[in-house]
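Please look through the structure shown here. My notes follow as numbered points.

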Amino acid sequence: MVAQNIFFYVIAAGMVGAAVAVVTTRNVVHAALYLIAVFAGVAAQFIILAAEFVAVTQVLIYIGAIMVLMLFGIMLTRARIGRDVDMTNDHWWIGVGTAVLLAAVMGYALIDRWGDDALPAERQVNAVGGSNTATVSDSIFSQYLIPFEIVSVLLLAALVGAIVIARKDR
(Lines give C-alpha, C1' and ligand atoms only; values in the text may rest on other atoms or scores of the structure.)
Protein backbone atom coordinates (compact mmCIF):
# COMPACT_ATOMS: atom_id res chain seq x y z
CA MET A 1 0.00 0.00 0.00
CA VAL A 2 1.27 3.46 -0.89
CA ALA A 3 2.11 5.88 1.91
CA GLN A 4 -0.37 8.43 0.50
CA ASN A 5 -3.18 5.91 0.84
CA ILE A 6 -2.21 5.12 4.42
CA PHE A 7 -2.12 8.81 5.36
CA PHE A 8 -5.42 9.37 3.56
CA TYR A 9 -7.18 6.65 5.54
CA VAL A 10 -5.65 7.73 8.86
CA ILE A 11 -6.66 11.36 8.29
CA ALA A 12 -10.10 10.36 7.01
CA ALA A 13 -10.70 8.20 10.09
CA GLY A 14 -9.73 11.12 12.33
CA MET A 15 -12.04 13.43 10.38
CA VAL A 16 -14.97 11.02 10.66
CA GLY A 17 -14.37 10.63 14.39
CA ALA A 18 -14.20 14.39 14.89
CA ALA A 19 -17.31 14.92 12.73
CA VAL A 20 -19.26 12.41 14.80
CA ALA A 21 -18.03 14.16 17.95
CA VAL A 22 -19.24 17.52 16.57
CA VAL A 23 -22.82 16.34 16.41
CA THR A 24 -22.83 14.14 19.50
CA THR A 25 -21.11 16.34 22.09
CA ARG A 26 -23.32 18.33 24.42
CA ASN A 27 -20.79 21.11 24.94
CA VAL A 28 -20.96 23.74 22.22
CA VAL A 29 -17.35 24.88 22.64
CA HIS A 30 -16.13 21.29 22.34
CA ALA A 31 -18.23 20.94 19.19
CA ALA A 32 -16.51 23.99 17.71
CA LEU A 33 -13.09 22.56 18.60
CA TYR A 34 -13.96 19.22 17.00
CA LEU A 35 -15.04 21.15 13.90
CA ILE A 36 -11.57 22.73 13.82
CA ALA A 37 -10.14 19.19 13.77
CA VAL A 38 -12.37 18.33 10.80
CA PHE A 39 -11.25 21.47 8.94
CA ALA A 40 -7.60 20.64 9.67
CA GLY A 41 -8.18 17.15 8.27
CA VAL A 42 -9.61 18.66 5.09
CA ALA A 43 -6.50 20.82 4.76
CA ALA A 44 -4.31 17.75 5.26
CA GLN A 45 -6.23 15.93 2.52
CA PHE A 46 -5.59 18.86 0.18
CA ILE A 47 -1.87 18.64 0.98
CA ILE A 48 -1.92 14.94 0.10
CA LEU A 49 -3.51 15.91 -3.24
CA ALA A 50 -0.68 18.44 -3.84
CA ALA A 51 -3.09 21.39 -3.69
CA GLU A 52 -1.09 23.54 -1.31
CA PHE A 53 -2.87 26.78 -2.11
CA VAL A 54 -6.28 25.29 -1.33
CA ALA A 55 -4.88 23.77 1.88
CA VAL A 56 -3.49 27.09 3.07
CA THR A 57 -6.74 28.80 2.11
CA GLN A 58 -8.64 26.17 4.09
CA VAL A 59 -6.51 26.87 7.15
CA LEU A 60 -6.69 30.65 6.85
CA ILE A 61 -10.36 31.00 5.96
CA TYR A 62 -12.08 28.15 7.76
CA ILE A 63 -9.87 27.55 10.77
CA GLY A 64 -8.59 31.09 11.13
CA ALA A 65 -11.64 33.14 10.31
CA ILE A 66 -14.84 31.09 10.41
CA MET A 67 -14.05 29.23 13.62
CA VAL A 68 -12.91 32.39 15.39
CA LEU A 69 -16.17 33.98 14.29
CA MET A 70 -18.16 31.01 15.59
CA LEU A 71 -16.33 31.04 18.91
CA PHE A 72 -16.94 34.81 19.24
CA GLY A 73 -20.60 34.17 18.46
CA ILE A 74 -20.78 31.51 21.15
CA MET A 75 -19.14 33.80 23.68
CA LEU A 76 -21.14 36.91 22.80
CA THR A 77 -24.57 35.25 22.89
CA ARG A 78 -24.10 34.33 26.51
CA ALA A 79 -25.26 30.81 25.78
CA ARG A 80 -24.63 28.14 28.36
CA ILE A 81 -21.16 26.73 27.76
CA GLY A 82 -21.52 23.46 29.67
CA ARG A 83 -23.70 20.48 28.97
CA ASP A 84 -27.17 21.33 27.72
CA VAL A 85 -29.63 18.46 27.88
CA ASP A 86 -32.39 20.56 26.30
CA MET A 87 -30.51 20.60 22.97
CA THR A 88 -31.66 17.09 22.01
CA ASN A 89 -35.14 15.74 21.47
CA ASP A 90 -36.81 12.40 20.86
CA HIS A 91 -36.51 12.59 17.07
CA TRP A 92 -32.73 12.21 16.80
CA TRP A 93 -33.15 8.91 14.97
CA ILE A 94 -34.62 10.75 11.96
CA GLY A 95 -31.38 12.67 11.62
CA VAL A 96 -29.33 9.47 11.87
CA GLY A 97 -31.48 7.79 9.22
CA THR A 98 -31.17 10.79 6.92
CA ALA A 99 -27.39 10.85 7.38
CA VAL A 100 -27.08 7.13 6.58
CA LEU A 101 -29.32 7.49 3.52
CA LEU A 102 -27.34 10.49 2.29
CA ALA A 103 -24.02 8.67 2.80
CA ALA A 104 -25.32 5.64 0.88
CA VAL A 105 -26.56 7.72 -2.06
CA MET A 106 -23.37 9.77 -2.18
CA GLY A 107 -21.21 6.64 -1.94
CA TYR A 108 -23.16 4.96 -4.74
CA ALA A 109 -22.85 8.06 -6.95
CA LEU A 110 -19.09 8.30 -6.37
CA ILE A 111 -18.47 4.61 -6.98
CA ASP A 112 -20.71 4.64 -10.05
CA ARG A 113 -18.84 7.58 -11.56
CA TRP A 114 -15.22 6.92 -10.53
CA GLY A 115 -15.28 3.25 -9.47
CA ASP A 116 -12.02 1.87 -10.85
CA ASP A 117 -10.32 5.09 -11.98
CA ALA A 118 -6.89 5.65 -10.48
CA LEU A 119 -5.58 8.97 -9.26
CA PRO A 120 -2.72 10.40 -11.31
CA ALA A 121 0.64 9.43 -9.85
CA GLU A 122 2.43 12.58 -10.96
CA ARG A 123 1.57 16.08 -9.86
CA GLN A 124 0.04 18.05 -12.70
CA VAL A 125 1.96 21.09 -13.90
CA ASN A 126 0.16 23.68 -15.97
CA ALA A 127 1.10 24.73 -19.50
CA VAL A 128 3.18 27.70 -18.35
CA GLY A 129 5.52 25.39 -16.47
CA GLY A 130 4.79 26.53 -12.91
CA SER A 131 2.71 24.98 -10.20
CA ASN A 132 -0.96 25.73 -9.68
CA THR A 133 -0.12 27.70 -6.54
CA ALA A 134 2.25 29.97 -8.44
CA THR A 135 -0.34 30.52 -11.16
CA VAL A 136 -3.07 31.43 -8.67
CA SER A 137 -0.79 33.76 -6.71
CA ASP A 138 0.43 35.49 -9.87
CA SER A 139 -3.18 35.99 -10.92
CA ILE A 140 -4.30 37.33 -7.55
CA PHE A 141 -1.42 39.74 -7.09
CA SER A 142 -1.33 41.05 -10.65
CA GLN A 143 -4.67 40.96 -12.44
CA TYR A 144 -6.94 40.88 -9.38
CA LEU A 145 -4.93 43.03 -6.96
CA ILE A 146 -7.52 45.82 -6.60
CA PRO A 147 -10.50 43.49 -5.89
CA PHE A 148 -8.30 41.53 -3.46
CA GLU A 149 -7.48 44.69 -1.51
CA ILE A 150 -11.11 45.87 -1.59
CA VAL A 151 -12.25 42.57 -0.08
CA SER A 152 -9.58 42.79 2.62
CA VAL A 153 -10.67 46.33 3.57
CA LEU A 154 -14.32 45.20 3.58
CA LEU A 155 -13.49 42.31 5.93
CA LEU A 156 -11.54 44.65 8.20
CA ALA A 157 -14.51 47.04 8.32
CA ALA A 158 -16.82 44.13 9.17
CA LEU A 159 -14.49 43.07 12.00
CA VAL A 160 -14.36 46.59 13.44
CA GLY A 161 -18.15 46.84 13.14
CA ALA A 162 -18.62 43.55 14.98
CA ILE A 163 -16.36 44.73 17.79
CA VAL A 164 -18.26 48.04 18.08
CA ILE A 165 -21.62 46.24 18.17
CA ALA A 166 -20.39 43.73 20.77
CA ARG A 167 -19.03 46.34 23.18
CA LYS A 168 -20.97 46.77 26.39
CA ASP A 169 -20.02 50.35 27.31
CA ARG A 170 -21.74 52.49 24.69
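1. The crossing of α1 and α2 is left-handed, a term for a near helix turned anticlockwise from the far one by less than a right angle, with clockwise giving right-handed. The axes of α1 (residues 3–24) and α2 come within 8 Å and cross at roughly 160°. Axes here are lines fitted to C-alpha atoms, for helices over the stretch in contact, with angles from 0 to 180 degrees between N-to-C directions. The two helices are therefore roughly antiparallel; that label applies over 145 degrees, while under 35 counts as roughly parallel, 65 to 115 as roughly perpendicular and the rest as oblique.

2. The model is predicted: local features need pLDDT of at least 70 and side-chain atom pairs count only at pLDDT 80 or more, whereas totals for chains, interfaces and linings use all residues. Residues are numbered from 1 along each chain as its sequence is written, and side-chain values use heavy atoms, with hydrogens and water left out.

3. On the α1 side, the contact with α2 is made by Q4, F7, F8, I11, A12, M15, A18, A19, A21 and V22. Their partners in α2 are A31, Y34, L35, A37, V38, G41, V42, A44, Q45 and I48. Contact means heavy atoms within 4.5 Å. By class, these residues comprise 17 nonpolar, three polar and no charged. Nonpolar covers Ala, Val, Leu, Ile, Met, Phe, Trp, Tyr, Cys and Pro, charged covers Asp, Glu, Lys and Arg, and polar covers the others, Gly among them.

4. Q45 lies in helix α2. At 11% relative accessibility, Q45 counts as buried; buried means under 20% relative accessible area, exposed over 50% and partly exposed in between, with a 1.4 Å probe and protein chains only. Apart from neighbours within four places in sequence, Q45 touches F8, I11, A12 and M15.

5. The axes of α2 and α3 come within 9 Å and cross at roughly 175°. That makes α2 roughly antiparallel to α3. Among the α2 residues in this contact are V28, V29, L35, F39 and F46, and the α3 residues include V54, Q58, Y62, M67 and I74. The contact divides into 20 nonpolar residues, one polar and no charged.

6. How many aromatic pairs does a search of the whole structure find? There are two. Rings of Phe, Tyr and Trp (its six-membered ring) pair if their centres lie within 6.5 Å; planes under 30 degrees apart are stacked, over 60 edge-to-face and the rest tilted. The rings of F8 and Y9 have centres 5.3 Å apart and planes at 75°, so this pair is edge-to-face. F8 is partly exposed at 36% relative accessibility, and Y9 is partly exposed at 49%.

7. F39 and Y62 form a tilted pair, 5.2 Å centre to centre with 45° between the planes. This pair links distant parts of the chain, 23 residues apart: F39 is in α2 (residues 28–48) and Y62 in α3 (residues 52–76). F39 counts as buried at 15% relative accessibility, whereas Y62 is partly exposed at 38%.

8. For the chain as a whole, there are six helices and zero strands. Helices (H or I, at least four residues) and strands (E, at least two) are DSSP runs, numbered from the N terminus. Of the 170 residues, 11% count as buried. Among contacts with a separation of 6 or more, 55% are between residues 24 or more positions apart.
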